[in-house]
Amino acid sequence: MSIIAPGTDVPELTLRTEDGEAFTRDDLAGRTTVLVFFPFAFSSVCTDQFQIYQEVLGDFEAQGATLYGVSTDASDSQRAFRESLGTSIAMLSDFEPKGATAKAFGAFFAPGGMTTRALVIVGPDLVVQWSWIGEHPGILPGANLIFDGLAGAAT
C-alpha cells in the first residue's frame, strides 16, 4: 500500500478526539490541515517528533496550517501523551475500527498492526495537497519536511 497521492479527494473518515467526540472529513473543510500519522504514544521517536513540532507550532499556524496527531492509540492514551509533552497539538484516535483511516490514507503498517509514520497535507477544499511516508516507522520527519510540503502545496 502506498501513501495517498496529492490531488486525491480526502476519503470519508471517522476518528475520535481526546474527548471521544467524532472527527470526520467535514472537520477538515475550510482550512489547511496537516495529519501527522505516528505509531505509538509515549514511544521515543514520537515524543521527539511532537516536541519538535510544538517548538515551531506558531510558524505552522502563521502559514495557515492546523496539525493533528493520528495514531491507533486509544483517546485516553493520546490525551495522557499530549499532556505529558505539554503540547497543544490535538490528537485523533484511529482505534476502532483499528487503523481504518490510516488504511484509507495508506499510512498503516500492517506487520505491526499500527499507524506508520506519515504526513498528509489536506487543503481547504478537502483535496490532498502533499504527502510523505517514512521508509519505516522509526524515521523522524523533521519540521522542515512539513514546511517544504506547505511551500510545495502553495505553488
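A: The expected span of a helix is 1.5 Å times one less than its number of residues. Helices here are DSSP runs (H or I, at least four residues), strands likewise (E, at least two), numbered from the N terminus. The model is predicted: local features need pLDDT of at least 70, side-chain atom pairs count only at pLDDT 80 or more, and totals for chains, interfaces and linings use all residues. Residues are numbered from 1 along each chain as its sequence is written, and side-chain values use heavy atoms, without hydrogens and water.

Q: What span should α1 have?
A: Its 12 residues should span 16 Å, and the end C-alpha atoms lie 17 Å apart, which agrees.

Q: Which residues of α1 are buried?
A: Buried means under 20% relative accessible area, exposed over 50%, partly exposed in between (1.4 Å probe, protein chains only). In α1, Cys 46, Thr 47, Gln 49, Phe 50 and Tyr 53 are buried. Seen down the helix axis, they fall within an arc of 160 degrees (directions from axis to C-beta atoms), so they line one face. Ser 44 and Glu 55, on the other side, are exposed.

Q: Where does Glu 18 lie?
A: Glu 18 sits in the loop between β1 (14–16) and β2 (22–24).

Q: Is Glu 18 buried or exposed?
A: Glu 18 counts as buried, because its relative accessibility is 11%.

Q: Which residues does Glu 18 touch?
A: Contact means heavy atoms within 4.5 Å. Leaving aside residues up to four places away in sequence, Glu 18 touches Ser 75, Arg 79, Arg 82, Ala 90 and Met 91. The side chain of Glu 18 also reaches the backbone nitrogen of Met 91 at 3.4 Å.

Definitions and conventions
Polar contact = N/O pair within 3.5 Å; in protein donor to acceptor, adjacent residues only side chain to side chain.
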